[in-house]
Amino acid sequence: MTNEERSNGSWSGQLGFLLAAAGSSIGLGNIWRFPYMTGMNGGGAFVLIYLLVVLLIGVPLMMAEIALGRAAGSNPVKAFSRMAPAKSSRTAALSGLILGGGILLLIFNNPAGAVILFLLAVLFATLGWKTVGLFCGIVPVILLSYYGVIGGWTLIYIFDSIRGANGFTTIEGAEKVMGPILHATEGRGPAVVAAQLIFMALCLGISISGVRKGVERWCKMLMPLLFLLMCVLIVRGLTLPGAEKGLRFFLQPDFSKLSTGTVIAAVGQALFTLSLGMGIMLTYGCYLDRSANIAKAAVGVIALDTFAAVMAGVAIFPAVFAMGFSESGGPDLTFKVLPAAFNLVPGGLGILWNVIFFLILMIAAVTSAVSLLEPPVSILEGECGMSRRNAVVLVTLVCSVLGIFCALSMADWNQLPGAGKLIKSIWYGTAPGSFFETLDGFCCNWILPLLGLVTALYTGWVWGSRYALMELREGGKGALDNNIWLIISGFDAEDGGMDRRYLFTPGILWGAALRWIVPILLLLAFFNCIGLIRF
Ligand code: TRP
(Lines give C-alpha, C1' and ligand atoms only; values in the text may rest on other atoms or scores of the structure.)
Protein backbone atom coordinates (compact mmCIF):
# COMPACT_ATOMS: atom_id res chain seq x y z
CA MET A 1 0.00 0.00 0.00
CA THR A 2 1.42 3.35 -0.93
CA ASN A 3 1.60 6.25 1.43
CA GLU A 4 -0.85 8.18 -0.65
CA GLU A 5 -3.45 5.49 -0.11
CA ARG A 6 -2.58 5.04 3.54
CA SER A 7 -3.23 8.70 4.13
CA ASN A 8 -6.97 8.18 4.21
CA GLY A 9 -6.39 6.27 7.41
CA SER A 10 -6.36 2.77 8.78
CA TRP A 11 -7.77 0.96 11.78
CA SER A 12 -5.77 1.06 14.97
CA GLY A 13 -5.90 -2.72 15.12
CA GLN A 14 -8.09 -5.80 14.90
CA LEU A 15 -10.44 -4.54 17.62
CA GLY A 16 -10.93 -1.23 15.84
CA PHE A 17 -11.83 -3.04 12.64
CA LEU A 18 -14.12 -5.45 14.48
CA LEU A 19 -16.16 -2.69 16.13
CA ALA A 20 -16.31 -0.53 13.01
CA ALA A 21 -17.40 -3.48 10.88
CA ALA A 22 -19.89 -4.52 13.54
CA GLY A 23 -21.13 -0.93 13.56
CA SER A 24 -21.72 -1.21 9.85
CA SER A 25 -23.44 -4.55 9.93
CA ILE A 26 -25.57 -3.99 13.04
CA GLY A 27 -28.29 -1.67 11.88
CA LEU A 28 -31.95 -1.47 11.00
CA GLY A 29 -31.48 -4.92 9.48
CA ASN A 30 -30.99 -6.43 12.91
CA ILE A 31 -33.37 -4.46 15.04
CA TRP A 32 -36.21 -3.80 12.66
CA ARG A 33 -36.00 -6.46 9.94
CA PHE A 34 -34.66 -9.60 11.62
CA PRO A 35 -37.20 -9.84 14.47
CA TYR A 36 -40.25 -9.52 12.26
CA MET A 37 -38.83 -11.76 9.54
CA THR A 38 -38.20 -14.41 12.18
CA GLY A 39 -41.65 -13.98 13.65
CA MET A 40 -43.30 -14.36 10.25
CA ASN A 41 -41.16 -17.20 8.91
CA GLY A 42 -41.47 -19.87 11.56
CA GLY A 43 -39.54 -18.49 14.53
CA GLY A 44 -36.71 -20.76 15.61
CA ALA A 45 -36.93 -22.66 12.33
CA PHE A 46 -36.06 -19.46 10.43
CA VAL A 47 -33.21 -18.71 12.83
CA LEU A 48 -31.81 -22.17 12.06
CA ILE A 49 -32.01 -21.67 8.29
CA TYR A 50 -30.62 -18.16 8.66
CA LEU A 51 -27.60 -19.46 10.59
CA LEU A 52 -27.00 -22.06 7.88
CA VAL A 53 -27.14 -19.39 5.18
CA VAL A 54 -24.79 -17.17 7.15
CA LEU A 55 -22.35 -20.07 7.40
CA LEU A 56 -22.59 -21.00 3.73
CA ILE A 57 -22.75 -17.52 2.18
CA GLY A 58 -22.03 -14.89 4.83
CA VAL A 59 -18.73 -16.21 6.17
CA PRO A 60 -17.05 -17.01 2.81
CA LEU A 61 -18.28 -13.81 1.19
CA MET A 62 -17.25 -11.57 4.05
CA MET A 63 -13.79 -13.18 4.06
CA ALA A 64 -13.57 -12.66 0.30
CA GLU A 65 -14.54 -8.99 0.48
CA ILE A 66 -12.08 -8.21 3.26
CA ALA A 67 -9.28 -10.14 1.55
CA LEU A 68 -9.95 -8.41 -1.75
CA GLY A 69 -9.83 -5.00 -0.12
CA ARG A 70 -6.69 -5.69 1.87
CA ALA A 71 -4.84 -7.31 -1.02
CA ALA A 72 -5.65 -4.41 -3.34
CA GLY A 73 -5.01 -1.94 -0.55
CA SER A 74 -7.26 0.48 -2.30
CA ASN A 75 -10.76 1.57 -3.20
CA PRO A 76 -13.28 -0.79 -4.89
CA VAL A 77 -12.56 0.48 -8.42
CA LYS A 78 -8.86 -0.36 -8.08
CA ALA A 79 -9.60 -3.58 -6.20
CA PHE A 80 -11.59 -4.85 -9.17
CA SER A 81 -8.85 -4.05 -11.64
CA ARG A 82 -5.69 -4.77 -9.68
CA MET A 83 -6.05 -8.44 -8.91
CA ALA A 84 -6.47 -9.32 -12.60
CA PRO A 85 -6.58 -7.36 -15.87
CA ALA A 86 -9.72 -5.24 -15.89
CA LYS A 87 -10.60 -6.35 -19.39
CA SER A 88 -10.10 -9.76 -20.92
CA SER A 89 -11.81 -12.26 -23.16
CA ARG A 90 -13.77 -13.30 -20.10
CA THR A 91 -15.26 -9.87 -19.52
CA ALA A 92 -16.15 -9.73 -23.22
CA ALA A 93 -17.90 -13.09 -22.92
CA LEU A 94 -19.67 -11.89 -19.80
CA SER A 95 -20.96 -8.75 -21.46
CA GLY A 96 -22.26 -10.99 -24.24
CA LEU A 97 -24.06 -13.04 -21.62
CA ILE A 98 -25.58 -9.95 -20.04
CA LEU A 99 -26.68 -8.79 -23.49
CA GLY A 100 -28.33 -12.18 -24.00
CA GLY A 101 -30.07 -11.80 -20.66
CA GLY A 102 -31.38 -8.41 -21.81
CA ILE A 103 -32.78 -9.90 -24.99
CA LEU A 104 -34.41 -12.64 -22.93
CA LEU A 105 -36.03 -10.04 -20.67
CA LEU A 106 -37.25 -8.16 -23.73
CA ILE A 107 -38.89 -11.34 -25.01
CA PHE A 108 -40.42 -11.94 -21.59
CA ASN A 109 -41.95 -8.50 -21.67
CA ASN A 110 -39.76 -6.75 -19.14
CA PRO A 111 -38.49 -3.74 -21.12
CA ALA A 112 -37.28 -1.85 -18.04
CA GLY A 113 -35.16 -4.79 -16.94
CA ALA A 114 -33.91 -5.23 -20.50
CA VAL A 115 -32.75 -1.62 -20.74
CA ILE A 116 -30.87 -1.98 -17.45
CA LEU A 117 -29.13 -5.12 -18.71
CA PHE A 118 -28.28 -3.52 -22.07
CA LEU A 119 -26.69 -0.56 -20.29
CA LEU A 120 -24.86 -2.96 -18.02
CA ALA A 121 -23.53 -4.91 -21.01
CA VAL A 122 -22.19 -1.71 -22.61
CA LEU A 123 -20.58 -0.63 -19.33
CA PHE A 124 -19.04 -4.02 -18.85
CA ALA A 125 -17.71 -4.14 -22.39
CA THR A 126 -15.99 -0.76 -21.99
CA LEU A 127 -14.87 -0.79 -18.35
CA GLY A 128 -14.53 -4.48 -17.61
CA TRP A 129 -14.37 -5.42 -13.96
CA LYS A 130 -14.07 -1.77 -13.01
CA THR A 131 -17.83 -1.63 -13.57
CA VAL A 132 -18.28 -3.59 -10.35
CA GLY A 133 -16.13 -1.11 -8.47
CA LEU A 134 -18.15 1.72 -9.93
CA PHE A 135 -21.36 0.13 -8.68
CA CYS A 136 -19.81 -0.11 -5.23
CA GLY A 137 -19.49 3.67 -5.43
CA ILE A 138 -23.01 4.39 -6.64
CA VAL A 139 -25.29 1.90 -4.93
CA PRO A 140 -24.39 2.82 -1.33
CA VAL A 141 -25.37 6.40 -2.18
CA ILE A 142 -28.79 5.19 -3.28
CA LEU A 143 -29.19 2.98 -0.23
CA LEU A 144 -28.07 5.73 2.11
CA SER A 145 -30.55 8.19 0.69
CA TYR A 146 -33.51 6.18 2.00
CA TYR A 147 -31.65 4.72 4.98
CA GLY A 148 -31.25 8.33 6.11
CA VAL A 149 -35.00 8.85 5.97
CA ILE A 150 -35.57 5.98 8.38
CA GLY A 151 -32.73 7.34 10.49
CA GLY A 152 -34.65 10.62 10.59
CA TRP A 153 -37.77 8.82 11.79
CA THR A 154 -35.81 7.46 14.77
CA LEU A 155 -34.81 11.02 15.68
CA ILE A 156 -38.43 12.18 15.44
CA TYR A 157 -39.54 9.32 17.67
CA ILE A 158 -36.90 10.09 20.29
CA PHE A 159 -37.86 13.75 20.31
CA ASP A 160 -41.61 13.07 20.31
CA SER A 161 -41.30 10.50 23.09
CA ILE A 162 -39.46 12.99 25.27
CA ARG A 163 -42.01 15.73 24.72
CA GLY A 164 -44.81 13.26 25.41
CA ALA A 165 -46.36 13.20 21.96
CA ASN A 166 -45.92 9.44 21.58
CA GLY A 167 -48.12 8.29 24.41
CA PHE A 168 -50.36 6.10 22.24
CA THR A 169 -51.36 2.70 23.56
CA THR A 170 -53.26 1.29 20.61
CA ILE A 171 -52.42 0.51 17.00
CA GLU A 172 -54.94 3.13 15.89
CA GLY A 173 -53.19 5.69 18.04
CA ALA A 174 -49.87 4.67 16.53
CA GLU A 175 -51.35 4.98 13.06
CA LYS A 176 -52.24 8.59 13.80
CA VAL A 177 -48.63 9.33 14.71
CA MET A 178 -46.82 7.25 12.11
CA GLY A 179 -49.17 7.91 9.20
CA PRO A 180 -48.36 11.64 8.92
CA ILE A 181 -44.63 10.90 9.30
CA LEU A 182 -44.69 8.22 6.63
CA HIS A 183 -46.71 10.31 4.21
CA ALA A 184 -45.32 13.69 5.24
CA THR A 185 -48.83 15.02 5.74
CA GLU A 186 -50.58 17.08 8.43
CA GLY A 187 -47.70 19.49 8.66
CA ARG A 188 -45.14 16.75 9.40
CA GLY A 189 -43.33 17.16 6.06
CA PRO A 190 -40.83 19.79 7.25
CA ALA A 191 -40.08 17.81 10.41
CA VAL A 192 -39.45 14.63 8.41
CA VAL A 193 -37.07 16.39 6.03
CA ALA A 194 -35.34 18.26 8.86
CA ALA A 195 -34.86 15.05 10.84
CA GLN A 196 -33.40 13.31 7.82
CA LEU A 197 -31.00 16.18 7.24
CA ILE A 198 -29.94 16.18 10.91
CA PHE A 199 -29.31 12.46 10.67
CA MET A 200 -27.16 12.98 7.57
CA ALA A 201 -25.30 15.78 9.34
CA LEU A 202 -24.47 13.36 12.18
CA CYS A 203 -23.01 10.93 9.64
CA LEU A 204 -21.03 13.74 8.05
CA GLY A 205 -19.66 14.79 11.42
CA ILE A 206 -18.45 11.28 12.20
CA SER A 207 -17.07 10.46 8.79
CA ILE A 208 -15.27 13.69 8.07
CA SER A 209 -12.70 13.15 10.85
CA GLY A 210 -11.32 10.11 9.08
CA VAL A 211 -11.34 6.38 9.36
CA ARG A 212 -9.55 6.06 12.67
CA LYS A 213 -10.40 9.35 14.37
CA GLY A 214 -14.00 9.40 13.13
CA VAL A 215 -15.51 6.06 12.21
CA GLU A 216 -13.50 3.87 14.55
CA ARG A 217 -13.59 6.23 17.51
CA TRP A 218 -17.34 6.62 17.39
CA CYS A 219 -18.02 2.93 16.81
CA LYS A 220 -15.82 2.08 19.78
CA MET A 221 -18.01 4.27 21.98
CA LEU A 222 -21.41 3.61 20.43
CA MET A 223 -21.35 -0.17 19.97
CA PRO A 224 -20.78 -1.01 23.66
CA LEU A 225 -23.47 1.54 24.54
CA LEU A 226 -25.84 -0.16 22.11
CA PHE A 227 -25.32 -3.57 23.71
CA LEU A 228 -25.70 -2.08 27.18
CA LEU A 229 -29.00 -0.36 26.34
CA MET A 230 -30.22 -3.54 24.71
CA CYS A 231 -29.53 -5.42 27.98
CA VAL A 232 -31.66 -2.90 29.88
CA LEU A 233 -34.58 -3.50 27.53
CA ILE A 234 -34.13 -7.27 27.70
CA VAL A 235 -34.26 -7.27 31.50
CA ARG A 236 -37.39 -5.11 31.41
CA GLY A 237 -39.05 -7.30 28.79
CA LEU A 238 -38.25 -10.63 30.37
CA THR A 239 -39.48 -9.59 33.82
CA LEU A 240 -42.95 -8.73 32.51
CA PRO A 241 -45.70 -11.22 33.30
CA GLY A 242 -46.49 -13.16 30.13
CA ALA A 243 -43.08 -12.56 28.58
CA GLU A 244 -42.56 -16.21 27.76
CA LYS A 245 -45.29 -16.06 25.11
CA GLY A 246 -43.18 -13.57 23.16
CA LEU A 247 -40.06 -15.65 23.49
CA ARG A 248 -41.97 -18.66 22.23
CA PHE A 249 -43.25 -16.74 19.20
CA PHE A 250 -39.74 -15.54 18.39
CA LEU A 251 -37.74 -18.69 18.97
CA GLN A 252 -39.95 -21.77 18.96
CA PRO A 253 -39.36 -23.63 15.69
CA ASP A 254 -42.48 -23.99 13.57
CA PHE A 255 -41.29 -26.18 10.74
CA SER A 256 -44.65 -26.04 8.99
CA LYS A 257 -43.88 -22.45 8.01
CA LEU A 258 -40.65 -23.42 6.26
CA SER A 259 -40.49 -23.35 2.48
CA THR A 260 -37.95 -22.59 -0.21
CA GLY A 261 -39.16 -19.02 0.12
CA THR A 262 -37.84 -19.05 3.67
CA VAL A 263 -34.37 -19.87 2.39
CA ILE A 264 -34.53 -17.04 -0.13
CA ALA A 265 -35.73 -14.65 2.59
CA ALA A 266 -32.84 -15.78 4.74
CA VAL A 267 -30.37 -15.12 1.90
CA GLY A 268 -31.63 -11.56 1.43
CA GLN A 269 -31.63 -10.95 5.16
CA ALA A 270 -28.07 -12.28 5.53
CA LEU A 271 -26.64 -10.07 2.78
CA PHE A 272 -28.41 -6.97 4.04
CA THR A 273 -27.63 -7.36 7.69
CA LEU A 274 -23.98 -8.26 7.10
CA SER A 275 -23.47 -5.24 4.80
CA LEU A 276 -22.28 -7.57 2.05
CA GLY A 277 -22.52 -7.11 -1.68
CA MET A 278 -21.78 -3.39 -1.83
CA GLY A 279 -18.07 -3.11 -1.31
CA ILE A 280 -18.44 -1.96 2.30
CA MET A 281 -16.41 -4.75 3.83
CA LEU A 282 -14.02 -4.47 0.89
CA THR A 283 -13.34 -0.83 1.70
CA TYR A 284 -13.11 -1.55 5.42
CA GLY A 285 -10.69 -4.38 4.57
CA CYS A 286 -8.35 -2.04 2.76
CA TYR A 287 -7.79 -0.09 5.98
CA LEU A 288 -6.86 -3.34 7.73
CA ASP A 289 -3.33 -4.21 8.75
CA ARG A 290 -1.52 -7.10 7.05
CA SER A 291 -0.93 -8.80 10.38
CA ALA A 292 -4.66 -9.06 11.12
CA ASN A 293 -6.38 -12.41 10.89
CA ILE A 294 -9.10 -11.97 8.24
CA ALA A 295 -10.95 -15.22 8.90
CA LYS A 296 -11.14 -14.48 12.60
CA ALA A 297 -12.23 -10.90 11.97
CA ALA A 298 -15.00 -12.02 9.59
CA VAL A 299 -16.30 -14.64 12.00
CA GLY A 300 -16.14 -12.07 14.82
CA VAL A 301 -18.20 -9.50 12.93
CA ILE A 302 -20.77 -12.10 11.93
CA ALA A 303 -21.02 -13.44 15.48
CA LEU A 304 -21.58 -9.94 16.88
CA ASP A 305 -24.17 -9.17 14.21
CA THR A 306 -26.12 -12.37 14.83
CA PHE A 307 -25.91 -11.87 18.57
CA ALA A 308 -27.31 -8.36 18.19
CA ALA A 309 -30.16 -9.61 16.01
CA VAL A 310 -31.18 -12.28 18.51
CA MET A 311 -30.85 -9.79 21.38
CA ALA A 312 -33.14 -7.40 19.56
CA GLY A 313 -35.77 -10.10 19.19
CA VAL A 314 -35.49 -11.03 22.86
CA ALA A 315 -35.82 -7.36 23.80
CA ILE A 316 -38.84 -6.76 21.59
CA PHE A 317 -41.18 -9.75 21.59
CA PRO A 318 -41.64 -10.34 25.32
CA ALA A 319 -42.86 -6.75 25.75
CA VAL A 320 -45.06 -6.94 22.67
CA PHE A 321 -46.73 -10.20 23.73
CA ALA A 322 -46.94 -9.40 27.41
CA MET A 323 -49.01 -6.36 26.47
CA GLY A 324 -51.31 -8.46 24.33
CA PHE A 325 -50.22 -7.54 20.80
CA SER A 326 -49.89 -11.10 19.61
CA GLU A 327 -50.62 -11.07 15.91
CA SER A 328 -48.69 -8.03 14.90
CA GLY A 329 -45.27 -9.30 13.94
CA GLY A 330 -44.92 -7.46 10.63
CA PRO A 331 -42.88 -4.53 9.36
CA ASP A 332 -45.12 -2.26 11.46
CA LEU A 333 -43.61 -3.73 14.57
CA THR A 334 -40.93 -1.16 15.25
CA PHE A 335 -42.70 2.10 14.71
CA LYS A 336 -46.25 1.19 15.74
CA VAL A 337 -46.65 -1.90 17.88
CA LEU A 338 -43.55 -1.62 20.02
CA PRO A 339 -44.03 1.97 21.25
CA ALA A 340 -47.64 1.16 22.10
CA ALA A 341 -46.49 -1.90 24.05
CA PHE A 342 -43.85 0.10 25.91
CA ASN A 343 -46.43 2.70 26.85
CA LEU A 344 -48.54 -0.03 28.42
CA VAL A 345 -45.71 -1.47 30.51
CA PRO A 346 -46.74 -1.08 34.15
CA GLY A 347 -44.86 1.55 36.12
CA GLY A 348 -45.58 4.44 33.78
CA LEU A 349 -42.06 4.56 32.42
CA GLY A 350 -43.21 4.16 28.82
CA ILE A 351 -41.35 7.30 27.80
CA LEU A 352 -38.10 5.89 29.18
CA TRP A 353 -38.43 2.54 27.37
CA ASN A 354 -39.35 4.26 24.14
CA VAL A 355 -36.46 6.70 24.34
CA ILE A 356 -34.03 3.85 25.08
CA PHE A 357 -35.35 1.76 22.22
CA PHE A 358 -35.25 4.51 19.60
CA LEU A 359 -31.85 5.57 20.85
CA ILE A 360 -30.67 2.00 20.19
CA LEU A 361 -32.21 2.13 16.74
CA MET A 362 -30.60 5.47 15.99
CA ILE A 363 -27.14 4.39 17.13
CA ALA A 364 -27.41 1.25 15.02
CA ALA A 365 -28.56 3.28 12.02
CA VAL A 366 -25.87 5.97 12.31
CA THR A 367 -22.94 3.55 12.46
CA SER A 368 -24.35 1.68 9.44
CA ALA A 369 -25.00 4.87 7.50
CA VAL A 370 -21.44 6.02 8.12
CA SER A 371 -20.17 2.81 6.51
CA LEU A 372 -22.25 3.48 3.42
CA LEU A 373 -20.34 6.72 2.90
CA GLU A 374 -17.02 4.89 2.85
CA PRO A 375 -16.92 3.19 -0.60
CA PRO A 376 -17.95 6.30 -2.58
CA VAL A 377 -15.66 8.49 -0.47
CA SER A 378 -12.68 6.19 -0.98
CA ILE A 379 -13.36 6.09 -4.73
CA LEU A 380 -13.58 9.88 -4.98
CA GLU A 381 -10.36 10.14 -3.01
CA GLY A 382 -8.46 7.53 -4.98
CA GLU A 383 -9.81 8.04 -8.49
CA CYS A 384 -10.63 11.75 -8.57
CA GLY A 385 -7.93 13.01 -6.23
CA MET A 386 -10.39 14.67 -3.87
CA SER A 387 -9.57 15.33 -0.26
CA ARG A 388 -11.48 13.23 2.25
CA ARG A 389 -13.16 16.35 3.53
CA ASN A 390 -14.55 17.35 0.16
CA ALA A 391 -15.48 13.79 -0.75
CA VAL A 392 -17.45 13.29 2.47
CA VAL A 393 -19.26 16.60 2.02
CA LEU A 394 -20.11 15.85 -1.61
CA VAL A 395 -21.42 12.33 -0.97
CA THR A 396 -23.46 13.44 2.05
CA LEU A 397 -24.92 16.26 0.02
CA VAL A 398 -25.98 13.97 -2.83
CA CYS A 399 -27.51 11.48 -0.39
CA SER A 400 -29.36 14.24 1.44
CA VAL A 401 -30.90 15.66 -1.72
CA LEU A 402 -31.93 12.23 -2.98
CA GLY A 403 -33.18 11.52 0.53
CA ILE A 404 -35.52 14.50 0.46
CA PHE A 405 -37.20 12.96 -2.55
CA CYS A 406 -37.45 9.68 -0.67
CA ALA A 407 -38.88 11.31 2.43
CA LEU A 408 -41.53 13.08 0.40
CA SER A 409 -42.19 10.35 -2.13
CA MET A 410 -44.96 8.82 -0.10
CA ALA A 411 -46.42 12.23 0.56
CA ASP A 412 -49.96 13.10 -0.23
CA TRP A 413 -49.26 15.16 -3.32
CA ASN A 414 -52.78 16.53 -3.36
CA GLN A 415 -51.52 18.92 -0.72
CA LEU A 416 -49.77 20.77 -3.52
CA PRO A 417 -52.56 22.25 -5.60
CA GLY A 418 -51.80 22.17 -9.30
CA ALA A 419 -48.24 20.92 -9.22
CA GLY A 420 -49.25 17.95 -7.07
CA LYS A 421 -51.24 16.32 -9.84
CA LEU A 422 -48.35 16.74 -12.24
CA ILE A 423 -45.79 15.19 -9.87
CA LYS A 424 -48.14 12.34 -9.15
CA SER A 425 -48.76 11.55 -12.79
CA ILE A 426 -45.07 11.73 -13.66
CA TRP A 427 -43.91 9.60 -10.80
CA TYR A 428 -46.66 7.05 -10.38
CA GLY A 429 -47.09 6.83 -14.11
CA THR A 430 -43.67 5.25 -14.44
CA ALA A 431 -43.14 3.31 -11.24
CA PRO A 432 -45.42 0.95 -9.34
CA GLY A 433 -44.45 2.18 -5.87
CA SER A 434 -43.09 5.29 -4.25
CA PHE A 435 -39.57 6.53 -4.92
CA PHE A 436 -38.62 5.14 -1.51
CA GLU A 437 -39.92 1.66 -2.30
CA THR A 438 -38.42 1.65 -5.78
CA LEU A 439 -34.95 2.41 -4.43
CA ASP A 440 -35.33 -0.17 -1.69
CA GLY A 441 -36.41 -2.87 -4.12
CA PHE A 442 -33.65 -1.97 -6.57
CA CYS A 443 -30.93 -2.15 -3.93
CA CYS A 444 -32.03 -5.17 -1.97
CA ASN A 445 -33.55 -7.39 -4.62
CA TRP A 446 -31.32 -6.64 -7.58
CA ILE A 447 -28.01 -5.23 -6.53
CA LEU A 448 -27.16 -7.03 -3.28
CA PRO A 449 -27.39 -10.58 -4.67
CA LEU A 450 -25.85 -9.55 -8.01
CA LEU A 451 -22.86 -7.71 -6.57
CA GLY A 452 -22.41 -10.45 -3.97
CA LEU A 453 -22.42 -12.97 -6.79
CA VAL A 454 -19.89 -11.03 -8.83
CA THR A 455 -17.63 -10.53 -5.81
CA ALA A 456 -17.63 -14.28 -5.15
CA LEU A 457 -16.99 -15.11 -8.82
CA TYR A 458 -14.28 -12.48 -9.13
CA THR A 459 -12.45 -13.68 -6.01
CA GLY A 460 -12.91 -17.37 -6.71
CA TRP A 461 -12.30 -17.50 -10.47
CA VAL A 462 -10.71 -14.28 -11.73
CA TRP A 463 -8.36 -13.36 -8.93
CA GLY A 464 -8.28 -17.08 -8.17
CA SER A 465 -9.12 -18.78 -4.91
CA ARG A 466 -5.51 -19.97 -4.50
CA TYR A 467 -4.19 -16.41 -4.58
CA ALA A 468 -7.01 -15.18 -2.38
CA LEU A 469 -6.12 -17.90 0.12
CA MET A 470 -2.56 -16.58 0.21
CA GLU A 471 -3.96 -13.24 1.31
CA LEU A 472 -5.99 -14.93 4.02
CA ARG A 473 -2.95 -16.85 5.23
CA GLU A 474 -1.22 -13.58 6.11
CA GLY A 475 -2.01 -13.09 9.75
CA GLY A 476 -3.94 -16.36 9.68
CA LYS A 477 -1.47 -18.47 11.70
CA GLY A 478 -1.93 -21.60 9.61
CA ALA A 479 -5.38 -22.42 10.95
CA LEU A 480 -6.79 -22.30 7.43
CA ASP A 481 -4.49 -25.11 6.34
CA ASN A 482 -5.17 -27.53 9.13
CA ASN A 483 -7.15 -30.63 8.35
CA ILE A 484 -10.67 -30.17 9.67
CA TRP A 485 -10.75 -33.68 11.13
CA LEU A 486 -7.52 -32.90 12.92
CA ILE A 487 -9.02 -29.69 14.33
CA ILE A 488 -12.18 -31.44 15.45
CA SER A 489 -10.43 -34.44 16.96
CA GLY A 490 -7.69 -32.42 18.63
CA PHE A 491 -4.95 -34.41 16.88
CA ASP A 492 -1.91 -33.07 15.18
CA ALA A 493 -0.66 -34.07 11.75
CA GLU A 494 2.28 -35.83 13.34
CA ASP A 495 -0.04 -38.14 15.29
CA GLY A 496 -1.01 -40.10 12.24
CA GLY A 497 1.73 -39.14 9.85
CA MET A 498 -0.84 -37.36 7.67
CA ASP A 499 0.02 -34.60 5.28
CA ARG A 500 -1.92 -31.75 6.84
CA ARG A 501 -1.78 -29.47 3.82
CA TYR A 502 -3.64 -31.39 1.19
CA LEU A 503 -6.57 -32.81 3.07
CA PHE A 504 -9.84 -31.36 4.13
CA THR A 505 -8.95 -27.85 5.33
CA PRO A 506 -11.00 -24.71 6.09
CA GLY A 507 -9.08 -22.98 3.30
CA ILE A 508 -10.11 -25.59 0.76
CA LEU A 509 -13.73 -25.45 1.94
CA TRP A 510 -13.64 -21.68 1.60
CA GLY A 511 -12.44 -21.88 -1.99
CA ALA A 512 -15.14 -24.38 -2.88
CA ALA A 513 -17.81 -22.25 -1.24
CA LEU A 514 -16.66 -19.15 -3.06
CA ARG A 515 -16.50 -20.80 -6.47
CA TRP A 516 -19.66 -22.88 -6.30
CA ILE A 517 -21.93 -22.67 -3.28
CA VAL A 518 -22.16 -18.90 -2.92
CA PRO A 519 -22.67 -18.18 -6.66
CA ILE A 520 -25.31 -20.89 -7.10
CA LEU A 521 -27.31 -19.85 -4.03
CA LEU A 522 -27.11 -16.15 -4.87
CA LEU A 523 -28.12 -16.77 -8.47
CA LEU A 524 -31.17 -18.72 -7.30
CA ALA A 525 -32.06 -15.92 -4.88
CA PHE A 526 -31.70 -13.34 -7.63
CA PHE A 527 -33.80 -15.28 -10.15
CA ASN A 528 -36.45 -15.69 -7.53
CA CYS A 529 -36.45 -11.97 -6.75
CA ILE A 530 -36.85 -10.88 -10.34
CA GLY A 531 -39.54 -13.50 -10.83
CA LEU A 532 -37.71 -15.70 -13.32
CA ILE A 533 -38.29 -18.73 -11.11
CA ARG A 534 -40.78 -19.15 -8.31
CA PHE A 535 -40.36 -21.58 -5.49
N1 TRP B 1 -26.14 -3.81 7.55
C2 TRP B 1 -26.92 -2.65 7.85
C3 TRP B 1 -28.19 -3.06 8.59
O4 TRP B 1 -28.31 -4.15 9.03
C5 TRP B 1 -27.29 -1.87 6.64
C6 TRP B 1 -26.16 -1.66 5.72
C7 TRP B 1 -25.07 -0.91 5.94
C8 TRP B 1 -26.01 -2.28 4.48
N9 TRP B 1 -24.25 -1.03 4.88
C10 TRP B 1 -24.79 -1.87 3.97
C11 TRP B 1 -26.79 -3.15 3.76
C12 TRP B 1 -24.34 -2.34 2.75
C13 TRP B 1 -26.33 -3.61 2.53
C14 TRP B 1 -25.11 -3.22 2.04
O15 TRP B 1 -29.07 -2.28 8.72
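Predicted model: local features only at pLDDT ≥ 70, side-chain atom pairs only at ≥ 80, totals over all residues.
I started with the helices: H2 (14-25), H3 (28-40), H13 (260-273) and H17 (350-384) each give at least two residues to the shell around the ligand. Helices here are DSSP runs of H or I with at least four residues, numbered from the N terminus.

Residues are numbered from 1 along each chain as its sequence is written, and side-chain values use heavy atoms, with hydrogens and water left out.

Next, the shell. I find 17 residues around the ligand, with Leu28, Gly29, Tyr147, Phe272 and Ser275 the closest; a residue is near if one of its heavy atoms lies within 4 Å.

An N or O atom in the Tyr147 side chain is 2.6 Å from a ligand oxygen. For Ser25, a backbone N or O atom lies 3.0 Å from a ligand oxygen. The Asn30 side chain has an N or O atom 3.4 Å from one. On its own the ligand exposes 360 Å², and the protein buries 100% of that (Shrake-Rupley method, 1.4 Å probe).

Where does the ligand sit? I have it in the largest cavity, meaning more than half of its atoms lie within 2 Å of the grid points. A cavity is a set of points on a 1 Å grid over the protein atoms alone where a 1.4 Å probe fits but cannot get out; lining residues have an atom within 4 Å of a point. The volume is about 170 Å³, counted as space filled by probe spheres set on the points. I get 18 lining residues, with Ser24, Leu143, Phe272, Ser275 and Leu372 nearest the centre.

Definitions and conventions:
Polar contact = N/O pair within 3.5 Å; in protein donor to acceptor, adjacent residues only side chain to side chain. 1 Å grid on protein atoms, 1.4 Å probe; cavity = no way out; pocket = protein on both sides within 12 Å on 5 of 7 lines; lining within 4 Å.
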